[in-house]
There are 2 protein chains.
Amino acid sequence: MKRAIGVIDSGVGGLTVVSELMRQLPKEKLIYVGDTARCPYGPRSKEEVQQFTWEMVDFLLEKDIKMLVVACNTATAFTLDSLKKHLSIPVIGVIQPGARAAIKFTKNNCIGIIGTEGTIRSHAYTDALKNIKAELDIYAKACPMFVPMVEQGIMEGPKAIQVVKEALLPMMKQKQMDTLILGCTHYPLLKSTIQSVVGTNVTLISSSEETARETSTILEMQHLLNHTEVFPIHQFYTTGDLEMFMQISERIFKERNLQMITIKKAVLHQMQDSK
Amino acid sequence: MKRAIGVIDSGVGGLTVVSELMRQLPKEKLIYVGDTARCPYGPRSKEEVQQFTWEMVDFLLEKDIKMLVVACNTATAFTLDSLKKHLSIPVIGVIQPGARAAIKFTKNNCIGIIGTEGTIRSHAYTDALKNIKAELDIYAKACPMFVPMVEQGIMEGPKAIQVVKEALLPMMKQKQMDTLILGCTHYPLLKSTIQSVVGTNVTLISSSEETARETSTILEMQHLLNHTEVFPIHQFYTTGDLEMFMQISERIFKERNLQMITIKKAVLHQMQDSK
């Protein structure tokens, strides 16, 4: 099964999912599209997010992907059902894997969720959790400062600790949660800072890690795993500035992994037509 | 989707998977068959294990289950492929979920596996791990004393610590593993003792927890999750002594959970015919 796994995101956050896919499924080839030209999706209408997402999906379907990973919380919240309904390949989003992992880890049934304002407002994590287990005590909080901070490259140090403390300490004092979902694909880059602020008694759930894990589960169930020994060359596409995208990729991936990646500009169909 | 999830095991070890399914999927009804009359499967031939497993599966198919969980390592090793091939419902074993979780957790790519002699001899975990990620350093060890000890009710205290130390300390000294797979459904009952012996730097992977988590993933993918609020009454069947099975169930499940369980004697088809 040498067909690739397709991964889509509104920008660069989904690269944390790609990084985990490369680590947990090293034999699989990945094709990533980041719609950096139109990022962020958070403040956009449902219709716009659906249209943009489908443009990326069409781009990947032409490359004959065997599975689709929606590595963006907003796109997952707005388009997962429609993608699942219309595509003949398996589709996974980032929200349900995080929710299932949190249910597995919590001992006191008290779970926190942090994400962008759009994700928290959509109640997508709360719905995913309650759908499976009604008796959970859930506390959700938007952390609008985290993504801009990460995009500036600030992930550790006194400034990062200060911002994370201001966002999370009031929440931690209020509830005795033992599990915290990092409900945004940027947040794994802040993991060590967040862990130092909330303490080691709180299990942090990375949607990126969990989505990669469940991609592995689904590929096996569908007999789509690639068992042959290969060193795949992954293809990354950005709709926006190539230079900026390369710089961020260098920051996320180690040198060895960078050698396994090609980065190109993507022209999505709708954008081409409107020129 | 009010149809039940079917769970089969050679005896009582699979009840740790049931316990996790009840915790992680509280809206789902479970039907469990433990073949205690013919337990253990470990020393039996492949053909015998396959025949016994299919007898339990036929018993459950008559009850219209929507998914099958093979909560026994030996049965998983010998029959999973054949069950997947012939059944139209989703099937999951206990080996692959543990392997995937270990790959997710390990940071240094050094993974330990402990299990019964049969499981270790089958190389099923090693194969499952290497199939996905070739560059793992794997160390597997049979712990034949653990199951008899658990079945005698010894799970904590000086005796348990002594037995676990003798089995695991030589292995821990030899390899710098950061992740240890509890590759037997009895072992989660020894989890705190094992953790105290190997230290907190080693992540213990419970196949039972991970199998329940992946059952959740697969039910959602197949649109088989039960979203309605129910308090299911689970059905447990044993092919062996009812009294003994009830005593072990009481030890594993808390009082609140015991009220949600009925326990009956199962008569499998082949056994009936041979009378």
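This is a predicted model: local features need pLDDT of at least 70, side-chain atom pairs count only at pLDDT 80 or more; totals for chains, interfaces and linings use all residues.

Visitor: Fine. How many residues of chain A are in contact with chain B?

Guide: 38 residues of chain A, and they meet 37 residues of chain B.

Visitor: What area is buried between chain A and chain B?

Guide: About 3300 Å². Carbon and sulfur atoms give 47% of that. On the chain A side, three residues lead: A:Lys104, A:Arg213 and A:Met221 supply 22% of the area that chain A buries against chain B, more than any other three residues.

Visitor: And how many salt bridges between chain A and chain B?

Guide: Ten. Polar contacts between the chains come to 28 residue pairs, both residues being at pLDDT 80 or more.

Visitor: Which helices of chain A supply residues to the side that touches chain B?

Guide: Four helices of chain A each supply at least two residues: α1 (15-24), α4 (95-105), α6 (124-132) and α10 (207-221). α10(A) gives the most, with nine residues.

Visitor: How does that side of chain A split by class?

Guide: 13 nonpolar, ten polar and 15 charged residues.

Visitor: Show me a salt bridge. What does A:Glu220 meet?

Guide: B:Lys84, side chain to side chain, at 3.2 Å from N to O. The pair crosses between chains. A:Glu220 sits in helix α10 of chain A, and B:Lys84 in helix α3 (residues 73-86) of chain B.

Visitor: And which residue does A:Lys84 meet in a salt bridge?

Guide: B:Glu220, with 3.2 Å from N to O.

Visitor: How many salt bridges does the structure hold over all chains?

Guide: 26.

Visitor: Switching to sheets. What is the strand order in the open sheet of four strands in chain A?

Guide: β6-β5-β7-β8, with parallel pairing. β6 (137-142) and β8 (203-206) of chain A are the edge strands, and each pairs on one side only. The average twist from one strand to the next is 20°.

Visitor: How many bridges link β7 and β8 of chain A?

Guide: Four, in the parallel sense, with β7(A) covering residues 179-182. One of the pairings is between A:Ile181 and A:Ile205, the latter in β8(A).

Visitor: Which strands does α6(A) touch on that sheet?

Guide: β5 (110-115), β6 and β7 of chain A. The direction of α6(A) makes about 150° with that of β5(A). α10(A) packs on the sheet too, touching β7 and β8 of chain A. The angle between the directions of α10(A) and β8(A) is about 60°.

Visitor: Now chain B. What order do the strands take in its open sheet of six?

Guide: β4-β3-β1-β2-β9-β10, and the pairing is parallel.

Visitor: Why is one side of β4 and of β10 in chain B left without a neighbour in the sheet?

Guide: β4 (91-93) and β10 (261-265) of chain B stand at the edges and each has a single partner strand, so one side of each has no neighbour in the sheet.

Visitor: How many bridges pair β2(B) with β9 of chain B?

Guide: Four, in the parallel sense; β9(B) is residues 234-238. B:Gly34 has B:Thr238 of β9(B) as its bridge partner.

Visitor: Which strands does helix α11 of chain B lie across?

Guide: β2, β9 and β10 of chain B. Helix α11 (residues 242-252) runs at about 155° to β10(B).

Visitor: Last topic, backbone. What kind of peptide bond joins A:Cys39 and A:Pro40?

Guide: A cis one, with omega at about -5°. A:Pro40 is in the loop between β2 (30-34) and α2 (46-61) of chain A. In chain B, a cis bond joins B:Cys39 and B:Pro40, with omega at about 0°. B:Pro40 lies in the loop between β2 and α2 of chain B.

Visitor: Is phi positive or negative at B:Asn109?

Guide: Positive, about 60°, although B:Asn109 is not a glycine. Look for B:Asn109 in the loop between α4 (95-105) and β5 (110-115) of chain B. For context, most residues other than glycine have a negative phi, and most peptide bonds are trans.

Terms used: Residues are numbered from 1 along each chain as its sequence is written. Chains are lettered from A and ligands numbered from 1 in the order in which they are written. Side-chain values use heavy atoms; hydrogens and water are left out. Contact means heavy atoms within 4.5 Å. Buried area is the accessible area (1.4 Å probe) that two parts lose on being put together, summed over both. A salt bridge is a side-chain nitrogen of Lys or Arg within 4 Å of a carboxyl oxygen of Asp or Glu. A polar contact is a pair of N or O atoms within 3.5 Å; within protein, one must be able to donate a hydrogen and the other to accept it, and residues adjacent in sequence count only if both atoms are side-chain atoms. Ala, Val, Leu, Ile, Met, Phe, Trp, Tyr, Cys and Pro count as nonpolar, Asp, Glu, Lys and Arg as charged, and the others, Gly among them, as polar. Two strands pair if DSSP finds at least two bridges between them. Axes are lines fitted to C-alpha atoms, for helices over the stretch in contact, and angles run from 0 to 180 degrees between N-to-C directions.
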